[in-house]
Amino acid sequence: MHLPDGFLSPPVFASGWVLALGSLSYCLKKTREILKDKMIPLMGVMAAFIFAAQMLNFPVLGGTSGHLLGGVLAAVALGPFAGFIVISLVLAVQCLVFQDGGITALGANIVNMGLAGTIVGYYIYAALKKSVFRNNALAAVFLSAWVSVILASGLCALELAFSQASPLNIVLPAMLFVHVFIGLGEAIITGMVVMFIIKVRPDLIYAKPAG
Amino acid sequence: MKRKDIVIGLGLAAVLAVFSFLASSFPDGLERVAVDKDFIERSASLIKSPIPDYLFPGISHKKLAGSIAGIAGVLLVFGLGIGLSSLLRKRI
């Protein structure tokens, strides 16, 4: 879902940058407030794992592939704000070092995958865990990971439509459709990894600080 | 996080990176939509990156170039992740 340069029009990608920088600033501040020592290496390991996992495209439908986004995964382990930082870091390195995602589009990519894919995904997970899936954290993880990808793709489609790359009634259904399937992959991978973490190191799951 | 856990986590990431050449080469969701809905030609690259397309330059063997690029990325992102969070910790 990494937007290259050229897809978005200047007003759209500039707005993306404004929103991304504002969010980064906020999340850095919040992360600093809640950062525990154990989170420091975990942020490194999470970033490394998500970066590597994003390289492993899996086929979906015919002739298309998907890959892990890792937003909900990062947020379940580190919380929404540190999770956002990790995802943004991965996206920035991918853009600058590996030419994966455009530099003008980096702001929008951070908004799509960091804000929608990670922070909103986290709050969906938290809400589900508190209500419908009180005894089944894994179900909350699975569903929120799935939805997070669909949401991110929908936001991406909106940006493309506003940039006049494609009409909304064409690009939105197309993006949503393929990302329903990619999101399923995300849900399965995220669920498996979280299940593994819960089994071996349950203390590495983020718990919202009291007060 | 104990050093052993860090090594295991990082090691797992490294293994994934090494085997990245096994990944599907089909276009991802966005690219597929861009091709199908005819806006892929808008794509441009405004900056020059050192390891474009996850292939380490100067290595002719494509799978090896990919694995090395993956390892480089894993180490870089790990280092930056630790560095950034350490910086944040110190500011308290």
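What radius of gyration would a compact globule of 92 residues have, and what does chain B have? For a compact globule of that length the value would be near 12 Å, but chain B comes out at 17 Å. This is a predicted model, and everything below should be read with that in mind.

Chain B is put together simply: three helices and zero strands, following one another as α-α-α along the sequence. Its C-alpha atoms take up a box of roughly 50 × 35 × 25 Å along the principal axes. Of its 92 residues, 28% count as buried. As for how the chain folds back on itself, take the contacts in chain B between residues at least 6 apart in sequence: 51% of them join residues at least 24 apart.

Chain A fits the globule rule. With 211 residues, a compact globule would have a radius of gyration near 17 Å, and the 16 Å of chain A agrees with that. The C-alpha trace of chain A spans about 45 × 35 × 30 Å along its principal axes, and 61% of the 211 residues count as buried. Contacts between residues 24 or more positions apart make up 73% of those in chain A with a separation of 6 or more. In terms of secondary structure, chain A has seven helices and two strands, and the order along the sequence is α-α-β-β-α-α-α-α-α.

Now to where the two chains meet. On the chain A side 57 residues are in contact, and on the chain B side 50. Several elements of chain A give two or more residues to this surface: helix 1 (10-34), helix 2 (39-54), strand 1 (58-60), strand 2 (64-66), helix 4 (80-98), helix 6 (137-162) and helix 7 (168-200). Helix 2 of chain A gives the most, with 13 residues. Sorted by class, the side of chain A that touches chain B has 38 nonpolar, 15 polar and four charged residues.

One residue of chain B worth a look here is B:Arg32, which sits in helix 2 (residues 29-36) of chain B. B:Arg32 has 22 other C-beta atoms within 10 Å and therefore counts as buried, the cut-off being 20 or more. Setting aside neighbours within four places in sequence, B:Arg32 is in contact with A:Thr64 and A:Val178 of chain A, and with B:Pro27 of its own chain. As for B:Ala72, that residue lies 40 residues from B:Arg32 in sequence and 28 Å from it in space, C-alpha to C-alpha.

Moving inside, the largest nonpolar core has 97 residues. In soluble globular proteins, nonpolar side chains tend to be buried together. The residues with the most contacts inside this core are A:Met46, A:Ala47, A:Ala48, A:Ile50, A:Ala52, A:Leu78 and A:Val86. By element, the largest share of the core comes from helix 6 of chain A, with 15 residues.

Helix 3 brings A:Gly71, A:Val72 and A:Val76 to the contact, while helix 6 brings A:Val141, A:Ser144, A:Ala145 and A:Ser148. By class, this contact has four nonpolar, three polar and no charged residues.

A:Gln99 has phi near 60 degrees, a positive value in a residue other than glycine. A:Gln99 is placed in the loop between helix 4 and helix 5 (106-130) of chain A, and is buried because 21 other C-beta atoms lie within 10 Å. In chain B, B:Tyr54 also has a positive phi, of about 60 degrees, although it is not a glycine. B:Tyr54 is found in the loop between helix 2 and helix 3 (62-90) of chain B. With 23 other C-beta atoms within 10 Å, B:Tyr54 is buried.

Definitions and conventions: Residues are numbered from 1 along each chain as its sequence is written. Chains are lettered from A and ligands numbered from 1 in the order in which they are written. This is a predicted model: local features need pLDDT of at least 70, side-chain atom pairs count only at pLDDT 80 or more; totals for chains, interfaces and linings use all residues. Two residues are in contact if their C-beta atoms, placed from the backbone, lie within 7 Å. Helices (H or I, at least four residues) and strands (E, at least two) are DSSP runs, numbered from the N terminus. Ala, Val, Leu, Ile, Met, Phe, Trp, Tyr, Cys and Pro count as nonpolar, Asp, Glu, Lys and Arg as charged, and the others, Gly among them, as polar. A nonpolar core is a set of buried Ala, Val, Leu, Ile, Met, Phe, Trp, Tyr and Cys residues joined through C-beta atoms within 7 Å. A residue is buried if 20 or more other C-beta atoms lie within 10 Å of its own, exposed if 12 or fewer, and partly exposed in between; C-beta atoms are placed from the backbone. The radius of gyration is taken over C-alpha atoms; the globule rule is 2.2 Å times the number of residues to the power 0.38.
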